[in-house]
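Trainee: I would like to learn how to read the features of a structure that is new to me. Could we go through them slowly, one at a time?

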Amino acid sequence: MLRRRLGSRVGALEEGAPVGCPELPKAAAEPERVLLRGIFEIGRESCDVALGERALRWQRIRPELPAGGARCDPLGKEESLDLEDIFSVKLKRRCSAKHPGSGTLLGITLFICLKEQQNKLKDSTLDLINFSEDHCDIWFRQFKRILEGFANRPKALKILLNPQSHRKESVQVYYEKVEPLLKLAGIKTDVTITEYEGHALSLLDECELRGFDGVVCVGGDGSASEAAHALLLRAQKNAGVEMDSSPTLTGAQLPLGLIPAGSTNVLAHSLFGIPHVVTATMHIILGHIQSVDVCTFSSAGKLLRFGFSAMFGFGGRTLALAEKYRWMSPSQRRDFAVIKALAKLKPEDCKISFLLAGCSQDEQERKAQRSPESDCGGHWQTIRGQFLNISIMAIPCLCSVAPRGLAPDTSSIFPLWRLTPLKK
């Protein structure tokens, strides 16, 4: 999901301490309070299990040796699971065809999120086996209280599903891969299948969003950009902001989540480091929030659109051509559009004015109210000449042909978002 830029709050994909939170020396760290302790079978081995305030820890119980045997520690190596990686808990029962859901109790199943290589996440389970109804009920209730304590996790989401994305596979992607995980996490959803270009824009302008914790777009880059534009327009309208004259705009009230189901998925790749459906879904379920910059594009003082990137010249013509041939596969469409645009390649006369990185945000807002030429501080730079292509990017724009991104220094890779536009 996207959230307005207030500084990064998520360290979910990093090793070590979260961003902005210096790691305490081990000697200064307070000992973790144990909430519950008991015996469970994990992986067919009896374990001493302790539920703390931040983690679940367990050690295998080694059998006692016969008299005269070598003495050793009765407990094996400690293993642990961070509680923030648990997204659901259920009582595990033996299946019964006649009485589903009421079979013999076997224990507790924890549904967890695991990190794989290259920022990829997957869902998994951890079974705590114990046949005692009373014992499991106490632990189950404690796990439920812990999960309810994660206030940042969404309880209800508005889903916008573009059925035309990537060979019309987005509907199947959502109902087979995304919806089961959202249901498992106990998240209520309201799904709207968009019917035409601009449908999400009109829908998010009119629909009631109170009661939702976020909006999730299932589709490609175009669908996500339209939803972001709509949420920001709604925010300006609700705040009474004059978009064509105000230098300071307000961020969207709700986070926007993205499930990559398009052809290129540049936005998802830039946010999560990988265009992977389950990874995106897990970030949304766990409430991970990432600040993302958004640009405003204006002409003659009138706002045209909010967006993450734009291309003029060769890049813009290539993208426009590719849109006309969506019946082709993504790679064929891209190659065809590039070749056709190259055949008519010509430079454009342009003047580009920009602020150097390093200006404070307050300086930028003050200077944004004046023309570049009138800036006496010398921070504005102007370039005039003929250009084959001009790219404006507020995100790294990672993709298969640019693994590090077309603009790798724009921001760090992280998940979930609320949007803050940058007034030009």
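Mentor: Let us begin with burial: a residue is called buried when its relative accessible area is under 20%, and exposed when that value is over 50%. Keep in mind throughout that this is a predicted model.

Trainee: With that cut-off in hand, is Arg 333 buried or exposed?

Mentor: Arg 333 has a relative accessibility of 8%, and because buried means under 20%, Arg 333 counts as buried. This residue lies in helix 9, which covers residues 330-343.

Trainee: Which partners does the side chain of Arg 333 reach through polar contacts?

Mentor: The side chain of Arg 333 makes a polar contact with the side chain of Ser 263 at 3.3 Å, and it also reaches the backbone oxygen of Met 328 at 3.2 Å. If residues up to four places away in sequence are not counted, Arg 333 touches Ser 263, Ala 322, Tyr 325, Arg 326 and Met 328.

Trainee: How should I read aromatic rings, and how many aromatic pairs does the structure hold?

Mentor: A pair of aromatic rings is described by the distance of the centres and the angle of the planes. The structure holds five aromatic pairs. In one of them, the rings of Phe 40 and Trp 139 have centres 4.9 Å apart and planes at 75°, so this pair is edge-to-face. The pair links distant parts of the chain, with Phe 40 in strand 2 (residues 34-42) and Trp 139 in helix 1 (residues 133-148), 99 residues apart. Both Phe 40 and Trp 139 are buried.

Trainee: What kind of pair do Trp 139 and Phe 143 form?

Mentor: Trp 139 and Phe 143 form a tilted pair, 6.3 Å from centre to centre with 45° between the planes. Both residues lie in helix 1, four residues apart, which is about one turn of the helix. Through these ring pairs, Phe 40, Trp 139 and Phe 143 are linked into a cluster.

Trainee: What should I look for in the nonpolar interior?

Mentor: In soluble globular proteins, nonpolar side chains tend to be buried together. Here the largest nonpolar core has 62 residues, and those with the most contacts inside it are Leu 182, Leu 204, Leu 209, Val 215, Ile 259 and Met 282. Apart from this core lies another, of 25 residues, including Leu 51, Leu 81, Trp 139 and Ile 146.

Trainee: Why is helix 7 described as largely enclosed by the rest of the structure?

Mentor: Helix 7, residues 277-285, is largely enclosed because nine of its nine residues are buried. Among these buried residues are Val 277, Met 282 and His 283. The helix is followed by Gly 287, whose phi is positive, near 75°.

Trainee: And how many salt bridges are found in the whole structure?

Mentor: Side chains of opposite charge can pair when their charged atoms come close. A search of the whole structure finds 14 salt bridges. In one of them Lys 158 pairs with Asp 190, the closest N and O atoms being 2.4 Å apart. Lys 158 lies in strand 9 (residues 156-161) and Asp 190 in strand 10 (residues 188-193), so the pair ties together parts that are 32 residues apart in sequence. Lys 158 counts as buried at 6% relative accessibility, whereas Asp 190, at 34%, counts as partly exposed.

Conventions. Residues numbered from 1 in each chain as written. Predicted model: local features only at pLDDT ≥ 70, side-chain atom pairs only at ≥ 80, totals over all residues. Heavy atoms only, no water. Helix = DSSP H or I, 4+ residues; strand = E, 2+ residues; numbered from the N terminus. Buried < 20%, exposed > 50% of the residue type's maximum accessible area, 1.4 Å probe, protein only. Polar contact = N/O pair within 3.5 Å; in protein donor to acceptor, adjacent residues only side chain to side chain. Contact = heavy atoms within 4.5 Å. Phe/Tyr/Trp six-rings, centres within 6.5 Å; stacked < 30°, edge-to-face > 60°. Core = buried A, V, L, I, M, F, W, Y, C linked by side-chain atoms within 4.5 Å. Salt bridge = Lys/Arg side-chain N within 4 Å of Asp/Glu carboxyl O.
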